[in-house]
Amino acid sequence: MTETGPRRVRGAWRTGSGGPLGLRGRIGGPWRVAVAEASMTPSISEGDWLLVDPTVGRWPRRGTVVVFRESGSGDLAVKRVAGRPGDWIPFAGAWLRLADDEAWLLSDADDTALAEAGHGQAVDSRAYGPVTVDALVGRAWFRYWPVRKIGRLPKAPAVPFERGPGPAPTQD
Amino acid sequence: MIHRVLAPRTTVRAHCDLPCGVYDPEQARIEAESVYRIIEKYAANEDPTFRTRALVIKERQSDLVKHHLDVLWHDYFKPEHLAVVPNLHQLFWDANKQVSKVKASTSIDDAKKLLELIDEVDAAWKATGGNTKTRVAGRPG
């Protein structure tokens, strides 16, 4: 959040853009997106309109909301970064270490609240695993609709997962 | 006017559903047909070993019917579908209750009633566009 625009652009350029189209493709957007579905409630609701910075080339810090292309469906999706490259993630009773280009993306809503509202389970990294940086589309940072909720998106506390008794890191 | 200018052209999903999105009441119906047939076979055979086996199979397939009905109810149907099918909750309640009845019975009429209720679920699924939206390239004819 403290980085300036030009620095982010240079970073995207240096890391080889992080997208199939490169930096030129990224400037094309999307800069504004509308949110469908409810897995980011209560922080982001269905129908909210967000501003996106599509020039990011690396996974932003934990707690940041990102737009990315979901593997499988290929749809654009919005989730929050819960783990960054190199982090250990508790998963299926064991520990998983994210590779250099991977992030762990989670929903804000808890499954009980979703079920009460008549929705299915949230679909995020718990369902499709780590997401590689080439699927990253941008960083959502500002909500400009509805009017009463205009402002910077609330950031979740960037609490890293406590490193578990996982296997020793492999050489990389 | 301003609203239209500001509106984003891109939609992002805060995704919350099974990723496959494939649903079809046929899955429940096939299991219910197994139950129907096994009751027919039960009635036609006096052998106690065969009859025991038939009851075990009936119990197992009945549980599968419940499972498939629940997946449709919890995952496929959404609150907005109630506008199209106002009796949706009553229908699933009746259908699941009927499965419980079939489990405790060897009457072919109970199994037939279950098939009819599943056909009503099928009609609700079609009325909400399920046959074109939830199967790959639509439901096979």
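Contact is taken here to mean heavy atoms within 4.5 Å, and on that basis the interface takes 28 residues from chain A and 17 residues from chain B. The model is a predicted one, in which local features need pLDDT of at least 70 and side-chain atom pairs count only at pLDDT 80 or more, whereas totals for chains, interfaces and linings use all residues. Residues are numbered from 1 along each chain as its sequence is written, chains are lettered from A in the order in which they are written, and side-chain values use heavy atoms, with hydrogens and water left out.

The area buried between chain A and chain B (the accessible area, with a 1.4 Å probe, that two parts lose on being put together, summed over both) is about 2000 Å², and carbon and sulfur atoms give 58% of this area. Of the area that chain A buries against chain B, R32(A), E37(A) and W49(A) supply 27%, more than any other three residues. E37(A) also forms a salt bridge with R13(B), with the closest N and O atoms 2.7 Å apart, a salt bridge being a side-chain nitrogen of Lys or Arg within 4 Å of a carboxyl oxygen of Asp or Glu. In total, 2 salt bridges are counted between chain A and chain B.

Within chain B, which has 141 residues, 38% count as buried, that is, under 20% relative accessible area (1.4 Å probe, protein chains only). The buried residues of α3(B) include A54(B), V65(B), L69(B) and L72(B), and what covers the buried residues of this helix includes α2 (26-43) and α5 (108-127) of chain B, helices being DSSP runs (H or I, at least four residues) numbered from the N terminus.

Technical notes
Buried means under 20% relative accessible area, exposed over 50%, partly exposed in between (1.4 Å probe, protein chains only). Helices (H or I, at least four residues) and strands (E, at least two) are DSSP runs, numbered from the N terminus.
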